Amino acid sequence: MYDHGMDMALIHIVNDLDIAPHADELRAAFRVFQLLEAKLSQAVGEFDRAELWDLDGSPSMPRWLSANIGYVPSRARQFASTAQRLRSFPATASAWETGELTSGQVQVILACVKDAMTEKFADGESEMVPILGQLDTV
């Protein structure tokens with residue numbers, strides 16, 4: 001069930017934030033941003049799996065994101081694809097949600113694990129994620 005109070009509480013927290021242009025503050029703010037992005041991805045994946053976008057008359061998750069969130073189509077497709085693909089990789093999704101993986105590392109993993117390799121990666125995912133979490137994205 002939707003909690004309007006949580007919505008307003010988060011809006012107040014964000015509105016009250018004063019992020020100084022200093023490296024430590026930027027790192028901390030982006031860490032929070034990435035953790036929220038990971039949680040949103042999980043929720044979008046569940047919303048998509050249940051096809052709840054259909055209740056609003058949208059034909060797909062990307063179209064729902066464009067119409068309801070204001071994402072441009074390319075960003076909506078990318079976000080929906082990430083959420084959908086992560087349903088096959090629970091250890092990767094969990095590591096992203098706990099901050100063990102960054103958003104960039106998750107994108108690199110998903111870009112490298114092609115559809116034909118999904119099952120093979122999923123089989124060894126829990127052993128691979130701690131190793132991949134130590135790698136840079138550059």
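Modeller: Gladly! Contact here means that heavy atoms lie within 4.5 Å. By that rule, and leaving aside residues up to four places away in sequence, Phe89 touches Leu110, Val113, Thr118, Phe121, Ala122 and Glu125 in this predicted model. Phe89 also belongs to the largest nonpolar core, which has 14 residues. Along with Phe89, those with the most contacts inside this core are Leu86, Leu101, Val106, Ile109 and Phe121. Helices α5, α6 and α7 each supply at least two residues of the core. Apart from it lies another core, of nine residues, including Val44, Trp53, Trp64 and Leu65.

Let me turn to α5, which spans residues 90–97. Its buried residues are Thr92, Ala93, Ala95, Trp96 and Glu97. The cover over these buried residues includes α2, α4, α6 (103–112) and α7 (118–132). Just after α5, Gly99 takes a positive phi of about 85°.

Helices α2 and α4 come up again at the largest pocket, where α1 (4–16), α2 (23–49), α3 (61–69) and α4 (73–86) each supply at least two residues of the lining. This pocket holds about 1200 Å³ of space. It is lined by 30 residues, and Met6, Asp7, Leu10, Leu36 and Leu40 are the closest to its centre. The helix that gives the most to the lining is α2, with 11 residues. By class, the lining has 23 nonpolar and seven charged residues, with no polar ones.

Methods:
Residues numbered from 1 in each chain as written. Predicted model: local features only at pLDDT ≥ 70, side-chain atom pairs only at ≥ 80, totals over all residues. Heavy atoms only, no water. 1 Å grid on protein atoms, 1.4 Å probe; cavity = no way out; pocket = protein on both sides within 12 Å on 5 of 7 lines; lining within 4 Å. Points joined across faces, edges and corners; volume = space filled by probe spheres on them. Helix = DSSP H or I, 4+ residues; strand = E, 2+ residues; numbered from the N terminus. Nonpolar A, V, L, I, M, F, W, Y, C, P; charged D, E, K, R; others polar. Buried < 20%, exposed > 50% of the residue type's maximum accessible area, 1.4 Å probe, protein only. Core = buried A, V, L, I, M, F, W, Y, C linked by side-chain atoms within 4.5 Å.
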